[in-house]
Amino acid sequence: MQKTLHVTNRSTEVIAFQDAVANKLNYALGKSRDKASPHDWYCATALAVRDRIVDVWMDDEENNIRARKKRVYYLSIEFLIGRLLVDALTNLGLVEVARAALHGMGVDLDDLRRCEPDAALGNGGLGRLAACFMDSMSALGIPAYGYGIRYENGLFEQRIVDGWQQELPEDWLAHGNPWEFHRSNLEYAIGFGGSVEYVGGDEGTARAIWYPAEQVMAVPFDTPVAGWRGKHVNPLRLWSARVAHPVQLSAFNRGDYVGAVASRARAEAISRVLYPNDATPEGQELRLRQEYFFTSASLQDLTQRHLALFGSLESLPDHAAIQMNDTHPAIAVAELMRILVDEHDFSWDKAWTVTRHTLNYTNHTLLPEALETWPAELMGRLLPRHMQIIYLINWLHLQDVAKRGKNDHNFLSSVSLIHENGGKRVRMAHLAFLGSRTVNGVSALHTDLLRRTVFHDLAETAPARIVNKTNGITFRRWLFEANPALTGLLVDRIGGAFLDDPRHLEELRGLCEDESFVEHFRRARLANKSRLASRIHGLTGVRVEPHALFDVHVKRIHEYKRQLLNVLETIADYQAVRANPGACPVPRVKIFAGKAAASYDRAKLIIKLIHDIAYVINNDPEVGNRLKVVFVPNYNASLAENIVPAADLSEQISTAGMEASGTGNMKLALNGAITIGTLDGANIEIAEHVGRDNMMIFGMSASEVADKVRQRFAGSEAIAASARLAAVVQALDDGAFSPSQPDRFRPIAQSLRDYDPYMVAADFDAYWQAQRAIDRLWQAPAAWWRKSILNTAGMAWFSSDRTIGEYAREIWDVPVSSL
């Protein structure tokens, strides 16, 4: 019988929880209560909670096997799951039981929450989306596996030294991970390099034997992910790289102690760091090794499971739907073909049919530099059999296109898997497109642009393949956990139905002018801002005023996300305050956070600029609390849970047409932040649901940006037309914020004058005017809070439960359970 977790008798539950924690403390950790450290208490509590999840997991797995249910396999290079303790307790309905139980043992749940490190398994929106989707698949009872890499040192820990980003390895596994199960009985061999031998039949499509020169073992670690109300559980299976023989004893005995473990170091580098710097050939090779490693391990695992349950891989599309989250797992197309043809003796055509009906691909970017391509030389050297398969897929594909009358050389070149200008490179997005049943974008605008730009010609060969699935977020994490004060207020005023069905948030529309409700809504926000102000002071040393407008720009640092535009407006605001000291502008706290890729020098220079202007502004006595600037270091999921509920203004100001969707915009709007943004990504759909009048939209549209890009618009035109912008750029030129190195930011100033594909200068004046409209709105509290409440009321559609429901019905063909 399916076990569900309900609190039927609180005192009994509290005692049972205490017994479970004490048991884990004694018998799993070998600690007595008086000798246990806070981390010991955290581990004991996590293990006690995990036991409850496992009960449901085992029942779920048995039921899935008995009912022969179709499974979803979600392949992602990132899973930004954050901390799991409170997340699991929330989904199990045990937060207050755990709090009371631990309090009775002299332990504070919030202290234990802080003991848990963020799992360093992702960087930004891609990984957080994957985590939200895992939550929703469990909530909706969809049998699924998440597949990724168990990074030992994650992306990096961001330290700020004299305003510069420094990267240090994350050590989230230093004290172990109580949530995971090491599946030591399961491991798969992953090959690299070597040679290929055909073994008969038609040479072009015959079975082959690959003799790898190197093998790495993929070892799985499973983390169970509980769904809402503990009804269903799915595993997140992460692969760790090992070698079969960690020490070469012959070399060790010769005294070559370093050489004896060289193969181990080379293998384990695969699961060491997320996104190693690919500016070098060695870095590129490591990235490709990572992508193939986890993709091959995942496909071997799921095909073995399918064979054990169903006997033949011919029925794989009927019982498995594989979703490739971006291009990182796109090598799955060639790998599944290799498994079917070489290892299971499928004919080429039969293997291609199975592959094409099993795989699906989500595209997350339109930026050319993010659409992965690999040098054919590297692919052929590292994965020789896969390179042969890719060439054959391409040859058959181009033949088919030509047979349909598309013989134009330029057209054939654009749809080819091999880009041949300036050296042969394999286009991984094209490979994913050809090998997938369905290709989806992640917002309406992004999907339209996919059809019209990146996949324009490919879409002509398969017109119905591209569909839209606008991203969503899990409300459990981003409202119920992150903002318990607001959640409690909503339950009190509209009841708890929205906890299961967010469409009930629409009932808030009738309360947006209720003075009592508005006041309680405002107080909840102020309490969150006070907590964040304390956190900011602890992390940066800067004191901020909670009653000021909290203007939040938190996301990966990238030129298209236009943190620089925000910085320029901040400088202009500062100059305006200095020019008119007697004025009383709206007090603001500009809050920045985000990591720059280790090799992205311009993004790192922008972080330095933020710190330099913050130093000048925050220490100017004439400014005082009228304007503060802070950069909160080492942004991660847990820090986001502090910032999001405290935001008044949400900065979503990417260059129109460049942000695929965004999910930060959804989290902030759900918690009542008003969006200032461009018509980009999911901002457009948010405007449709919350009302454009309840956002502050500015700037050029995607088509207008495209026109200016074609014209190679130079920012000098915009600077010449705007005295305010000219003064800001001049301040950068003059070293006003870097007196010890006056030329530090001149490269930024010059880039603003030259051709700028991100249109920072072109959109500056519109952005300035939008910010002044925000000032006026803040000075009209009734209007401000009305819009804020209507943002929360209109966000139900952006639940990841809705998104996953659409995937399930329209792409994966799997049933969905009601919440």
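Modeller: Happy to, and please keep in mind that this is a predicted model.

Colleague: Let's begin with the second largest pocket: which helix gives the most to its lining?

Modeller: Several helices each supply at least two residues of that lining, among them H3 (85-92), H4 (95-104) and H22 (515-540). With seven residues, the one that gives the most is H3.

Colleague: How much space lies in the second largest pocket?

Modeller: The pocket is lined by 42 residues, and those nearest its centre are Val86, Arg113, Phe480, Glu481 and Pro484. The space in the second largest pocket comes to about 1,300 Å³.

Colleague: And how many residues of its lining are charged?

Modeller: Arg and Glu count as charged, and both kinds turn up nearest the centre, as Arg113 and Glu481. In the whole lining, 18 residues are nonpolar and nine are polar, while the charged ones number 15.

Colleague: Now to the helix pair: how are H24 and H31 oriented to each other?

Modeller: The axes of H24 (residues 601-618) and H31 (residues 746-753) come within 10 Å and cross at roughly 115°. Angles of 65 to 115 degrees count as roughly perpendicular. H24 and H31 are therefore roughly perpendicular.

Colleague: Which residues of H31 does H24 meet?

Modeller: H24 passes H31 in a left-handed crossing. By class, their contact has five nonpolar residues, one polar and one charged. From H24 come Arg602, Leu605, Ile606 and Leu609, and in H31 they meet Pro747, Ile748 and Ser751.

Conventions: Residues numbered from 1 in each chain as written. Predicted model: local features only at pLDDT ≥ 70, side-chain atom pairs only at ≥ 80, totals over all residues. Heavy atoms only, no water. Axes fitted to C-alpha atoms, helices over the stretch in contact; angles between N-to-C directions. Helix = DSSP H or I, 4+ residues; strand = E, 2+ residues; numbered from the N terminus. Parallel < 35°, antiparallel > 145°, perpendicular 65-115°, else oblique. Left-handed = near helix turned anticlockwise from the far one by under 90°. Contact = heavy atoms within 4.5 Å. 1 Å grid on protein atoms, 1.4 Å probe; cavity = no way out; pocket = protein on both sides within 12 Å on 5 of 7 lines; lining within 4 Å. Points joined across faces, edges and corners; volume = space filled by probe spheres on them.
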